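Subject: Structure handover

Hello,

Here is the structure we spoke about, for you to open alongside this message. My notes on what was found in it come after.

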Amino acid sequence: MALEISNAKGCYIYTSSGKSYLDFISGIAVSSLGHGHPKIIKALHEQIDRHLHVMVYGEYIQKPQLEFAQLLLDQLPDSMEQIYLVNSGTEANEGALKLAKKYTGRSEFVAFNNSYHGDTQGSLSVTGRDIYRDPYLPLLPDVYFGEFNSDSALDLISDETAAVILEPIQGEGGIIPADKKWLTSLRKKCNEHNTLLIFDEIQSGFGRTGKLFAFEHYGVTPDILCMAKAMGGGMPIGGFVSSKQIFQTFKYDPPLNHVTTFGGHPVSCAAAHANLKELLEGNYFKRAQEIETIMKSGLKGKGIKEVRGIGAMLGLELESVELTKHVVDQCFEKGILLGWTLHSNQLIRLAPPLIISDEQLNFVINTILSALKNY
Ligand code: PMP
């Protein structure tokens with residue numbers, strides 16, 4: 001888009017040439033509370049005045065890490081007892097894959113076609129799209145890909161499988177929610193084989209779907225939960241959560257299993273803590289549900305195939321790639337930022353900040369509808 005950014009506030013991004021854009025992608029599902037939320041900015045200032053980096057993660061006791069971890073774990077099911085903090089989504093998945101290998105003593109993984117888990121080599125190994133994988137082969141061996149939402153994928157799970165990794169709602173694959181019955185069967189099959197279930201909630205986490213995490217819609221709890229993106233309220237941070245029992249295996253042989261210098265950076269943790277506190281105290285989960293209702297009922301008519309997704313993690317599928325480009329371009333001209341997902345160019349990602357007003361939502365709906373009409 002070649003926008004030269006001057007500043008960003010609330011739902012808007014401003015360029016150096018003086019234009020303003022309504023941000024309907026939120027930096028790819030990051031700025032859920034809008035840009036520069038005052039409580040996050042205040043927490044950042046306070047932490048910056050106290051200290052920046054002081055030591056490699058895990059060595060010292062740092063208040064922002066503890067405060068954030070405690071508040072987060074208090075919201076999660078009892079089996080989710082500990083979090084390991086890193087810097088990004090792909091690092092969270094790397095850690096989760098390593099943890100599953102170490103805990104189970106197995107090396108096989110089951111992953112899904114069209115998934116996206118990140119661009120480092122472990123995460124790329126379980127990402128189900130050849131165009132991203134092929135230039136870097138060979139990747140991790142022993143990864144088996146199944147069809148998302150298909151019972152045939154369950155047959156790939158055996159006593160050799162360390163873990164199954166999936167996004168409960170595939171993001172880059174085109175905003176495809178898992179089927180509830182299928183996810184329940186997947187959980188059951190993992191239990192039968194002592195295989196760990198890893199949920200990558202890097203895109204769906206922290207309120208985007210109208211719950212803190214998307215797995216809450218399904219009543220299916222993973223063994224390892226990966227998070228990043230909206231977690232830091234605009235600051236870089238990631239993490240993976242699991243039980244004490246599973247995390248025990250990270251404590252020996254070698255004594256440090258997943259060292260990270262900057263993981264859980266105190267400034268990022270201060271932002272993550274303020275972000276989570278505000279998410280829990282405000283009206284954001286309900287607002288995500290309202291966004292779903294407004295967008296799904298408003299976006300109907302010629303050219304539209306489907307609006308799918310949960311809460312404010314939505315995808316608008318149009319009838320052709322050319323039409324999609326036309327709509328995205330027209331919205332851009334009218335000052336609305338929309339974009340594709342990585343694996344699909346016929347689907348517009350709708351991921352507004354959760355602070356967006358009805359008026360702003362209707363502006364986006366009307367702009368899309370008039371772009372569809374004048375195609
Ligand atoms: N998993 C999912 C589901 C994602 O959407 C992304 C980012 N698009 C990642 C992992 C990778 O996260 P990061 O870019 O922070 O490494």
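Helices (H or I, at least four residues) and strands (E, at least two) are DSSP runs, and they are numbered from the N terminus. Please keep in mind that this is a predicted model.

With that numbering, Pro 138 sits in the loop between α6 (130-133) and β6 (143-146). The peptide bond that joins Leu 137 to Pro 138 is cis, with omega near 0°. Another cis bond runs from Asp 253 to Pro 254, with omega near -5°. Pro 254 belongs to the loop between α9 (244-247) and α10 (266-281). One further backbone point concerns Asn 114, which is not a glycine but has a positive phi of about 75°. Its loop lies between β5 (108-112) and α5 (121-125).

Now the overall layout. The protein chain splits into domain 1 (5-30 + 285-373) and domain 2 (39-281). Their C-alpha centres are 27 Å apart. In the contact, domain 1 takes part with 25 residues and domain 2 with 29 residues.

About 2300 Å² is buried between domain 1 and domain 2, and carbon and sulfur atoms give 63% of that area. On the domain 1 side, the residues that lose the most area to domain 2 are Phe 285, Met 313 and His 343, together 37% of what that side buries.

Which polar links cross the interface of domain 1 and domain 2? The rule finds 12 residue pairs in polar contact there, and 1 salt bridge. Elements that each supply at least two residues of the domain 1 side include α11 (284-298), β13 (304-310) and β17 (344-350). By type, the residues on that side are 15 nonpolar, 8 polar and 2 charged. As for salt bridges, Arg 349 forms one with Glu 172, and the closest N and O atoms are 2.9 Å apart.

Last, the ligand. It is surrounded by 13 residues, the closest being Gly 89, Thr 90, Asp 200, Gln 203 and Lys 229. Thr 90 places a backbone N or O atom 2.8 Å from an oxygen atom of the ligand. For Gln 203, an N or O atom in the side chain is 2.7 Å from a ligand oxygen atom. Lys 229 has a polar side-chain atom 3.3 Å from a nitrogen atom of the ligand.

Regards

Notes: Residues numbered from 1 in each chain as written. Predicted model: local features only at pLDDT ≥ 70, side-chain atom pairs only at ≥ 80, totals over all residues. Heavy atoms only, no water. Domains from an automatic or database assignment. Contact = heavy atoms within 4.5 Å. Buried area = accessible area lost by both parts, 1.4 Å probe. Salt bridge = Lys/Arg side-chain N within 4 Å of Asp/Glu carboxyl O. Polar contact = N/O pair within 3.5 Å; in protein donor to acceptor, adjacent residues only side chain to side chain. Nonpolar A, V, L, I, M, F, W, Y, C, P; charged D, E, K, R; others polar. Near = heavy atom within 4 Å.
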